[in-house]
Amino acid sequence: MKICLFNGGRVGVVIGDDVADVTSVLDRLPSYRYPLPRNDVLIAALPTLQPAFEAAVVGAPSIPLAEVLLESPVANPGKLIAAPVNYQAHLDEAIADEATFSRAHVRKIQETGLFLKATSSLVGASADIVIGLPDRRTDHEVELAVVIGKTAKNVLAADALQYVAGYTIGLDITIRGPEERSLRKSLDSYSVLGPWLVTAEELGDPSGLDLALDVGDEPRQRANTRDLIMNVGDLIEFASKFYTLEPGDILFTGTPEGVGPIQPGDTIRASIDRIGALEMAVTQ
Ligand code: MN
C-alpha cells in the first residue's frame, strides 16, 4: 500500500495516478491530551489502521495526484536519523575532492556513526527546496529513507526489517563545509520525504533498489542500494544500540556517488524503484 499525506493533513491511499481520500479513518485514533506521545501516532497505529484504509478505499473520494499537495508521509517523526557516507563510490569521490568535502567528515561510517537532522527541516514532495545560505555550496543527496514502525532497541540486523513500517524517497540537502552535519543539513526544507510511504510488505527486499537523481536534464546520481556499505538491517542494528527507535522515526540510509550543487531555478527529480518519483523546484 502507498500512503500519502496531502492538502493539510488529509490521508490518502495512492492507486495509480489517483489518491483515494481515506481521512475518515483517522477518527479511529485515540484523542490525545497533553503531554502528547513523542512518536508519530499514525505510524504507531498503522498495523490496525491499514485494514481500515483498505476498506475505506471502496467508495472514497478519488482525486488526481497531479491536483494534490503532497506533504511528508510521516507528519511527526521523533527523530530524523541519517547515515553519513555509506556508499564506497561516494566515499571515494569525497576523498578525491578536498576543496568541497571537509577532511573532518571524510571517514568510514563505522567510525563516524550516525547524525540527527532537525525535524523542523522536514517537508514533503510538493514543497520547494529553499536555499537558505546562497553564498554556500548546497548539494543534493538522494537516499532510501526507512520509516520505523515499532519500538526498537538493541535489535539484530537479521531481525531488523520486522521493525520497518515502510520506505520513501529521502533528500538530504546539504551545505558543504566544516560545521557539524546536524547544522549544515537542517535548514528549513533540507529534509524531504516523499512522494508517499510504501509499506514494507509491498516493497519487499530493500537491498536491490535503483536510485536516481537528475537536476534539470542532467543525470547526477545513479546507484543501487545493493552497494550500501551498511544495509538497512545493519543500520537499524547500529542505530538501535544508541537510540531507542520509535514508530515514525526516519532513517536516511546515505547517499551514493554523484552529489553536486543546486541553485535557485533548478528542478530536482528523484526516483527509487518500487517507490516512485518526486520533482521539486529549488528556490531562494
Ligand atoms: Mn546524506
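A residue is called buried here when its relative accessible area is under 20%, exposed when that area is over 50%, and partly exposed in between. The structure is a predicted model, and this scale is used throughout the description that follows.

How accessible is Asp172, buried or exposed? Asp172 has a relative accessible area of 0% and is therefore buried, because the limit is 20%. Glu143 is also given 0% relative accessibility, so it counts as buried.

Strand β10 (residues 138-140) can be taken next. It pairs with β18 in the antiparallel sense, through two bridges. Within this pairing, His140 stands opposite Gly260 of β18. The two strands are part of an open sheet of three strands with antiparallel pairing, in the order β13-β10-β18. Its edge strands are β13 (174-175) and β18 (260-261), each of which pairs on one side only.

Strand β2 (residues 10-15) runs antiparallel to strand β3 (residues 18-21), and four bridges join them. Ile15 has Asp18 in β3 as its bridge partner. The hairpin formed by β2 and β3 has two residues between the strands, and Gly16 takes a positive phi near 65 degrees there. β3 also pairs with strand β4 (residues 62-64), again in the antiparallel sense, over three bridges. In that pairing Val19 stands opposite Ile63 of β4.

The loop between β5 (70-71) and β6 (80-82) contains Lys79. With a relative accessibility of 16%, Lys79 counts as buried, because this value is under 20%. Which partners does the side chain of Lys79 reach? One is the backbone oxygen of Thr244, at 2.7 Å. Another is the side chain of Asp249, with which the Lys79 side chain makes a polar contact at 2.7 Å. Leaving aside residues up to four places away in sequence, Lys79 touches Leu116, Tyr243, Thr244, Leu245, Glu246, Asp249 and Ile250.

Gly124 has a relative accessible area of 7% and is buried. Its contacts, not counting residues up to four places away in sequence, are Leu70, Glu71, Ser72, Val192, Leu193 and Met280. Gly124 and Ala160 are 36 residues apart in sequence, and their C-alpha atoms are 26 Å apart in space.

Empty space is the next topic. Rolling a probe the size of a water molecule over the atoms shows where such space is left. The largest pocket has a volume of about 300 Å³. It is lined by 18 residues, and those nearest its centre are Asp40, Val41, Leu42, Ala75 and Asn76. Helix α1 (residues 41-44) gives the most to this lining, with three residues.

Some backbone geometry remains. Tyr34 and Pro35 are joined by a cis peptide bond with omega about 0 degrees, and Pro35 lies in the loop between β3 and α1. A cis peptide bond also joins Gly194 to Pro195, with omega about 0 degrees, and Pro195 lies within strand β14 (residues 191-199).

Positive phi values occur at non-glycine residues too. Ser189 has phi near 75 degrees and sits in the loop between α5 (181-184) and β14. Ser189 counts as buried, because its relative accessibility is 5%. Arg274 has a positive phi of about 65 degrees although it is not a glycine, and is found in the loop between β19 (267-272) and β20 (276-283). At 44% relative accessibility Arg274 counts as partly exposed, because this value falls between the 20% and 50% limits.

Notes: Residues numbered from 1 in each chain as written. Predicted model: local features only at pLDDT ≥ 70, side-chain atom pairs only at ≥ 80, totals over all residues. Heavy atoms only, no water. Buried < 20%, exposed > 50% of the residue type's maximum accessible area, 1.4 Å probe, protein only. Pairing = 2+ DSSP bridges. Polar contact = N/O pair within 3.5 Å; in protein donor to acceptor, adjacent residues only side chain to side chain. Contact = heavy atoms within 4.5 Å. 1 Å grid on protein atoms, 1.4 Å probe; cavity = no way out; pocket = protein on both sides within 12 Å on 5 of 7 lines; lining within 4 Å. Points joined across faces, edges and corners; volume = space filled by probe spheres on them.
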